Amino acid sequence: MKLLLLFSILVSNIAFADSISGIVSIEGNIQSGTLFIFAKKFGSKMPMPLAVKKIVNPKFPIKFSLSQKDAMMKQIPFKGPFVVTARLSPSGSAMDKSGVQASTTKKVELGQKSINLILKP
C-alpha cells in the first residue's frame, strides 16, 4: 500500500513537471467573452503560441494548466521558458485583440504552478 502511494505521488510530480499552471482573475468590470490562455516561447519572434486553452463563459477566478496536450502543433515540444498570456475575447475569436489581456513579464519555466494573471479594464 505504501509503495502504491509513493508511486502515485511520483507520477503526479512528473505530470506537474511537464506543465505550467496558475489562476486568471479579474479586477473591476470586465465584459463577458471567451478566455484564451496561451504560452509562447519567451524571447521568440515566433507569433504562434506553443499551447493554448479556450474557455467559453469563464467564471473568475479560474484555474488553468497548459501542457503538451494543449499544443498547437503536436510535433513541436512544449518546452520553456515561456511567456503566458490570458486574453478575454468579446467575439469568441482567438484573433480578436479588442478585449482585455494580461501577460507574464518574467520567464515562466516548465513545472511552475503559481502563475497569476489579472485581467483589468
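Which residue in strand 6 is the bridge partner of Arg87?

*Solution.* Look across from Arg87 into strand 6, and you find Gln101. Before going on, a word on the model: it is predicted, so local features need pLDDT of at least 70 and side-chain atom pairs count only at pLDDT 80 or more, while totals for chains, interfaces and linings use all residues. Residues are numbered from 1 along each chain as its sequence is written, and side-chain values use heavy atoms, with hydrogens and water left out.

**Exercise 1.** List the helices and strands of the chain, and give their order.

*Solution.* 
- Step 1: Start with the terms: helices (H or I, at least four residues) and strands (E, at least two) are DSSP runs, numbered from the N terminus.
- Step 2: Counting these runs gives one helix and seven strands.
- Step 3: Along the sequence they follow the pattern α-β-β-β-β-β-β-β.

**Exercise 2.** Describe how the chain as a whole is covered and connected.

*Solution.* 
- Step 1: A residue is buried under 20% relative accessible area, exposed over 50%, and partly exposed in between (1.4 Å probe, protein chains only).
- Step 2: Of the 121 residues in the chain, 35% are buried.
- Step 3: Contact means heavy atoms within 4.5 Å. Among the contacts with a separation of 6 or more, 64% link residues 24 or more positions apart.

**Exercise 3.** Is Ser19 of strand 1 buried or exposed?

*Solution.* 
- Step 1: Strand 1 is mostly covered, with six of its eight residues buried.
- Step 2: Ser19 counts as buried because its relative accessibility is 6%.
- Step 3: Beyond its neighbours within four places in sequence, Ser19 is in contact with several residues, including Ser65, Phe78 and Leu110.

**Exercise 4.** Explain why strand 5 is largely enclosed.

*Solution.* 
- Step 1: Eight of the eight residues of strand 5 are buried, so the rest of the structure largely encloses this strand.
- Step 2: In a regular strand the side chains alternate between the two faces of the sheet.
- Step 3: Check each side of strand 5: Phe82, Val84, Ala86 and Leu88 are buried on one, and Val83, Thr85, Arg87 and Ser89 on the other.
- Step 4: Now find the partners. Strand 2 joins strand 5 through eight antiparallel bridges, with Ala39 opposite Val84. Strand 6 (residues 101-103) pairs with strand 5 over three bridges, also in the antiparallel sense.
- Step 5: Zoom in on Ala86, which counts as buried at 0% relative accessibility. Ala86 and Ala102 are 16 residues apart in sequence and 5.4 Å apart in space, C-alpha to C-alpha.

**Exercise 5.** Which residues touch the most other members of the largest nonpolar core?

*Solution.* 
- Step 1: A nonpolar core is a set of buried Ala, Val, Leu, Ile, Met, Phe, Trp, Tyr and Cys residues joined through side-chain atoms within 4.5 Å.
- Step 2: The largest one has 22 residues, and Ile20, Val24, Leu35, Ile37 and Val84 touch the most other members.
- Step 3: Strand 5 gives the largest share of this core, four residues.

**Exercise 6.** Find the salt bridges, and say which parts they tie together.

*Solution.* 
- Step 1: A salt bridge is a side-chain nitrogen of Lys or Arg within 4 Å of a carboxyl oxygen of Asp or Glu. The whole structure holds two.
- Step 2: One joins Lys120 and Glu27 (3.9 Å, N to O). Lys120 lies in the segment after strand 7 and Glu27 in the loop between strand 1 and strand 2, so parts 93 residues apart in sequence are tied together.
- Step 3: Another joins Asp70 and Lys53 (3.5 Å, N to O). Asp70 is in the loop between strand 4 and strand 5 and Lys53 in strand 3, so this pair ties together parts 17 residues apart in sequence.
- Step 4: Asp70 is buried, at 16% relative accessible area, whereas Lys53 is partly exposed at 24%.

Notes
Two strands pair if DSSP finds at least two bridges between them.
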